[in-house]
Amino acid sequence: MSRRADVPEGAGRDLAGSAWPGVQAGSQVLVPVGSTEQHGPHLPLSTDTVIAQAVAEGAAARLRAMSGGPVQVAPAIAYGASGEHAGFPGTVSIGHEALHAVIVETVRSLALWAGRVVLVNGHGGNIATLDAAAGRMRAEGHDVAWTGCEAPGGDAHAGFTETSAMLHLAPHLVRPFDTVTGDTRPQAELMPDLVARGVRAVSPSGVLGDPAGASAERGREIVQRMAASAVRLIDGWCPDARGRLRTSDARSGELRP
C-alpha cells in the first residue's frame, strides 16, 4: 500500500531518509561526529561513528517524547581528527583544520532552515576542533553546542566500553577478542606518550584498555546512559564559551562538565 504524498516517511526523524516536504523548518538537529580509525584487531574502523549515531538517535527519540517537537538526526560526519592513530592501516584522518571547516559549514548550512543544532561527538581526538568550531559558530550568533558520548569510568579506546557498545549495536562487525590485550594504564598517565609518539608506540594492538568481559547487555546499558546524559545536557542547555554543554548547579549557578 502506498503512502500519501503529504505524509512523508520518517518526517521529523531521520534527515537522510526524509524528503524535503517532511523537513520542518525550525527543527532541532543532532549531528553525530565520529571518525574512521583503528579500534584494535576486533572492532571496525567505524566504531566512533556507529556509537555517536546511536547516541544521537537515542537522545532524539527521548527529546521528541519530552517536547513533542521535531528533532532530526543528520547523517554522521564520519571522518575526524585521528592523527594519533595514523600508524595503523585503515585510519583516515582529515585533521583539525579540515574538520573545523566541515563543522563550520555544516552549521552555517543547517542554520538556513534548522533551529538549534547539537553536535554529538564520539571521538576524543575531535574535542579541540569542536571547541574551536562551536565557539566560532556561537560567536556568529548560531544556536549550536556540542556534547560527547560520555561513559563515566570507561576505558579509553577499544576496551571494555566500546567493545560492549559495539556488541550491542553491531555484533556482526565485532571480531573475536579473547586474546586481545592493550595498555591498561589510566588515560592521564598515557596522554604524554600518546601525544609524543602516537597510539601504536604505546599499544601495538591499538587498544587502550581491556575488552575482557565485554557483553551486549553491558553495551546496551552503556549506550542508554550515554543517550540519557546527552538528553540532560541538551534539555538543560548551558553551553560554555566553547560551545560545550554543561550541567548547571542551581545553587551556585556554576557550570560543571
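The model is predicted: local features need pLDDT of at least 70, side-chain atom pairs count only at pLDDT 80 or more, and totals for chains, interfaces and linings use all residues. Residues are numbered from 1 along each chain as its sequence is written, and side-chain values use heavy atoms, with hydrogens and water left out. The chain has seven helices and six strands, where helices (H or I, at least four residues) and strands (E, at least two) are DSSP runs numbered from the N terminus.

**Overall build**

- The order of elements from the N terminus is β-α-β-α-β-α-β-α-α-α-α-β-β.
- The chain is as compact as a globular protein of its length, because its radius of gyration of 19 Å is close to the 18 Å that the globule rule gives for 257 residues. The radius is taken over C-alpha atoms, and the rule is 2.2 Å times the number of residues to the power 0.38.
- The C-alpha trace spans about 55 × 50 × 40 Å along its principal axes.
- Of the 257 residues, 47% are buried; buried means under 20% relative accessible area, exposed over 50%, and partly exposed in between (1.4 Å probe, protein chains only).
- Among contacts (heavy atoms within 4.5 Å) with a separation of 6 or more, 75% join residues 24 or more positions apart.

**Largest pocket**

- The volume of the largest pocket is about 1,200 Å³. A pocket is an open set of points on a 1 Å grid over the protein atoms alone, where a 1.4 Å probe fits, with protein on both sides within 12 Å along at least five of seven lines; lining residues have an atom within 4 Å of a point. Grid points are joined across faces, edges and corners, and the volume is the space filled by probe spheres set on the points.
- The lining has 44 residues, and His-123, Gly-124, Ile-127, Ala-156 and Gln-187 are the closest to the pocket centre.
- Two or more lining residues come from each of helix 1 (47-67), helix 3 (127-139), strand 4 (144-148), helix 4 (160-169), helix 5 (187-197) and helix 7 (216-236).
- Helix 5 gives the most, with five residues.

**Buried residues**

- His-157 lies in the loop between strand 4 and helix 4 and is buried at 6% relative accessibility. Beyond four places in sequence, its contacts include Glu-37, His-39, His-85 and Glu-162.
- Asn-121 lies in strand 3 (residues 117-121) and is buried at 4% relative accessibility. Beyond four places in sequence, Asn-121 touches residues including Val-33, Leu-130, Trp-146 and Cys-149.
- Leu-167 is in helix 4 and is buried, with a relative accessible area of 18%. Its C-alpha atom is separated by 6.2 Å from that of Ser-215, 48 residues apart along the chain. Ser-215 is also one of the residues that Leu-167 touches.

**A partly exposed glycine**

- Gly-182 is in the loop between helix 4 and helix 5 and is partly exposed, with a relative accessible area of 28%.
- Gly-182 and Ser-203 are 21 residues apart in sequence and 5.9 Å apart from C-alpha to C-alpha.
- Not counting residues up to four places away in sequence, Gly-182 touches Ser-203, Ser-205, Val-207 and Gly-209.
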